[in-house]
Amino acid sequence: MSETNVPYGTTAGSQGTWPAGDTERDAGTEPAGVKEKVAEAASQVGEASRETAHDAKERARDVAHEATDRTRGLIDRTRTELRSQAASQQQHLANGLRSLGDELGQMAGGAEDPGYATDLVQRAGEATGRAARWMEDRKPADVLHEVEDFARRRPGVFIAITAGAGLLVGRFLRGAKDAPDATAPQTTGGEIFVERT
């Protein structure tokens with residue numbers, strides 16, 4: 001039947017003929033087999049859509065699990081790399097502090113005229129050595145936690161120490177930049193003098 005309730009093969013103004021013996025059709029009802037076929041087709045469509053929805057849910061769940069696993073792996077790798085880099089930087093800082101402490105100790109020990117300044121340099125060298133040992137004995141997270149605690153307890157002292165450290169590092173870097181290179185030729189009044197060894 002078409003959408004206008006006219007049997008196929010006939011036109012709107014013509015009389016359609018039904019197969020002989022189909023009394024249900026003559027009475028305006030559909031044959032009994034059509035209803036069953038429509039119900040069966042609807043059931044198959046419903047079952048297919050349920051299966052499709054179930055498959056889609058499973059695939060979405062699989063994708064979510066895979067994304068979660070990859071994200072966890074990435075986070076774990078990032079943590080491992082950050083810990084490794086932090087430990088490396090901490091060791092580098094501890095070595096720098098130890099080297100500075102040794103140099104300050106040598107300066108104080110080599111002074112020809114010991115006095116108050118020599119004593120201060122000696123104490124600074126010892127304190128720097130202790131700080132280097134303290135850093136070597138701790139994990140990076142522990143060092144960060146200790147520094148945060150100190151900054152919370154004594155913010156003024158923390159700011160003063162960081163400002164002083166910044167000034168010292170700045171002076172050290174400026175001095176290293178401005179220091180003449182021992183291997184470069186020296187000039188005086190436009191003339192070049194090269195030291196011979």
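This is a predicted model: local features need pLDDT of at least 70, side-chain atom pairs count only at pLDDT 80 or more; totals for chains, interfaces and linings use all residues.
Let's start in helix H2, which covers residues 32-109. Here Arg70 and Glu66 bring their side chains together in a salt bridge, at 2.9 Å from N to O. The two are four residues apart in helix H2, so about one helical turn separates them. Are they buried or exposed? Arg70 counts as exposed, because its relative accessibility is 59%. Glu66, at 41%, counts as partly exposed.

Next, please find Glu136 and Arg98. These two also form a salt bridge, and their closest N and O atoms are 2.5 Å apart. What does this pair tie together? Glu136 lies in helix H3, residues 116-136, while Arg98 lies in helix H2, so the bridge links parts that are 38 residues apart in sequence. As for accessibility, Glu136 has a relative accessible area of 33%, so we call Glu136 partly exposed. Arg98 is partly exposed too, with 27%.

Staying with helix H3, have a look at Asp119 and Arg123. Their side chains meet in a salt bridge at 3.4 Å, N to O. Both residues sit in helix H3, and they are four residues apart, about one turn of the helix. Asp119 has 33% relative accessibility and therefore counts as partly exposed, whereas Arg123, at 52%, counts as exposed.

Which residues are linked in a network of salt bridges? They are Glu148, Asp149 and Arg152.

Which residues form the negative surface patch? You want Glu47, Glu51, Asp55, Glu58 and Asp62. Take Glu47 as one of them: you'll find Glu47 in helix H2. With a relative accessibility of 42%, Glu47 counts as partly exposed. Why can Glu47 belong to a patch at all? Patch residues need over 30% relative accessible area and no salt bridge, and Glu47 has 42%.

Technical notes. Residues are numbered from 1 along each chain as its sequence is written. Side-chain values use heavy atoms; hydrogens and water are left out. Patches are made of residues with over 30% relative accessible area and no salt bridge: like charges are joined within 9 Å, nonpolar side chains (Val, Leu, Ile, Met, Phe, Trp, Tyr) within 5 Å. Accessible areas come from the Shrake-Rupley method with a 1.4 Å probe; for residues, only the protein chains shown count as cover. A salt bridge is a side-chain nitrogen of Lys or Arg within 4 Å of a carboxyl oxygen of Asp or Glu. Lys and Arg count as positive and Asp and Glu as negative; His and the chain ends are not counted. The place of a charge is taken as NZ of Lys, CZ of Arg, CG of Asp or CD of Glu. Buried means under 20% relative accessible area, exposed over 50%, partly exposed in between (1.4 Å probe, protein chains only).
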